Amino acid sequence: MISLKRAKEIAVKEFPEYPIGEIIDIGSRWAFCFDSGEPPVPGIPAVTVSKKDGKTGYLPVPPLENLDILNNGTVIETIK
């Protein structure tokens, strides 16, 4: 099992130039949404980290199904 602290360290390596704006619990993974500025830089997807093994993935929007996953998750932390 990967701790949230360790998952955050893993996620930051994907987009080190942007700060994390929000952390969302989406069940078996944490989703890390990055703050790419105003207006947002296109193409910066949420980074997911598996709670089981720390494997990373991406949650781009579109498709809208991924937006539903993020919206139905539990916000753990909002960083502004």
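**Charges, rings and strands**

Reply: Start with a contact between charges: the side chains of aspartate 25 and lysine 51 meet in a salt bridge, 2.9 Å from N to O. The pair links distant parts of the chain, 26 residues apart: aspartate 25 is in strand E1 (residues 20-25), and lysine 51 is in the loop between E3 and E4. Keep in mind that this is a predicted model.

Me: Why is the contact of aspartate 25 and lysine 51 called a salt bridge?

Reply: The cut-off is a Lys or Arg side-chain nitrogen within 4 Å of a carboxyl oxygen of Asp or Glu. Aspartate 25 and lysine 51 come to 2.9 Å, N to O, so the label applies.

Me: Is lysine 51 buried or exposed, and how do you know?

Reply: Buried means under 20% relative accessible area. Lysine 51 has 12%, so it counts as buried. Aspartate 25 has 21%, so it counts as partly exposed.

Me: What sits over the ring of tryptophan 30?

Reply: The charged end of lysine 51 does, 5.1 Å from the ring centre. The distance cut-off is 6 Å. Tryptophan 30 also stands opposite valine 49 in E3.

Me: How many salt bridges does a search of the whole structure find?

Reply: Two. Besides the pair of aspartate 25 and lysine 51, the side chains of arginine 6 and glutamate 9 meet at 3.2 Å, N to O. Arginine 6 and glutamate 9 both lie in helix H1 (residues 4-12), three residues apart, about one turn of the helix.

Me: Why does arginine 6 count as partly exposed?

Reply: The class runs between the buried limit of 20% and the exposed limit of 50%. Arginine 6 has 36% relative accessibility, so it falls in that class. Glutamate 9, at 38%, is partly exposed by that rule.

Me: What makes the pair of phenylalanine 15 and phenylalanine 34 edge-to-face?

Reply: Two aromatic pairs are counted. In the pair of phenylalanine 15 and phenylalanine 34, the rings are 5.5 Å apart, centre to centre, with 70° between the planes. Centres must lie within 6.5 Å, and planes over 60 degrees apart count as edge-to-face, so the label applies. Phenylalanine 15 lies in the loop between H1 and E1 and phenylalanine 34 in strand E2, so the pair ties together parts 19 residues apart in sequence.

Me: Why is the pair of phenylalanine 15 and tyrosine 58 edge-to-face?

Reply: The ring centres of phenylalanine 15 and tyrosine 58 are 6.3 Å apart and the planes stand at 65°, so the pair is edge-to-face. Tyrosine 58 is in strand E4, so this pair ties together parts 43 residues apart in sequence. Phe15, Phe34 and Tyr58 form one aromatic cluster. Phenylalanine 15 has 12% relative accessibility, so it is buried. Tyrosine 58 has 43%, so it is partly exposed.

Me: How do you know that strands E3 and E4 pair?

Reply: The rule asks for at least two bridges. E3 and E4 have four, in the antiparallel sense, so they pair. Valine 47 stands opposite tyrosine 58 in E4. E3 and E4 form a hairpin with five residues between them, and glycine 54 in the turn has a positive phi of about 80°. Four bridges also join E2 (residues 29-34) to E3, and these strands run antiparallel.

Me: What makes strand E3 mostly covered?

Reply: Five of the five residues in E3 (residues 46-50) are buried. Ala46, Thr48 and Ser50 are on one side, and Val47 and Val49 on the other.

Methods. Residues numbered from 1 in each chain as written. Heavy atoms only, no water. Buried < 20%, exposed > 50% of the residue type's maximum accessible area, 1.4 Å probe, protein only. Helix = DSSP H or I, 4+ residues; strand = E, 2+ residues; numbered from the N terminus. Phe/Tyr/Trp six-rings, centres within 6.5 Å; stacked < 30°, edge-to-face > 60°. Lys NZ or Arg CZ within 6 Å of the ring centre and 35° of its normal.
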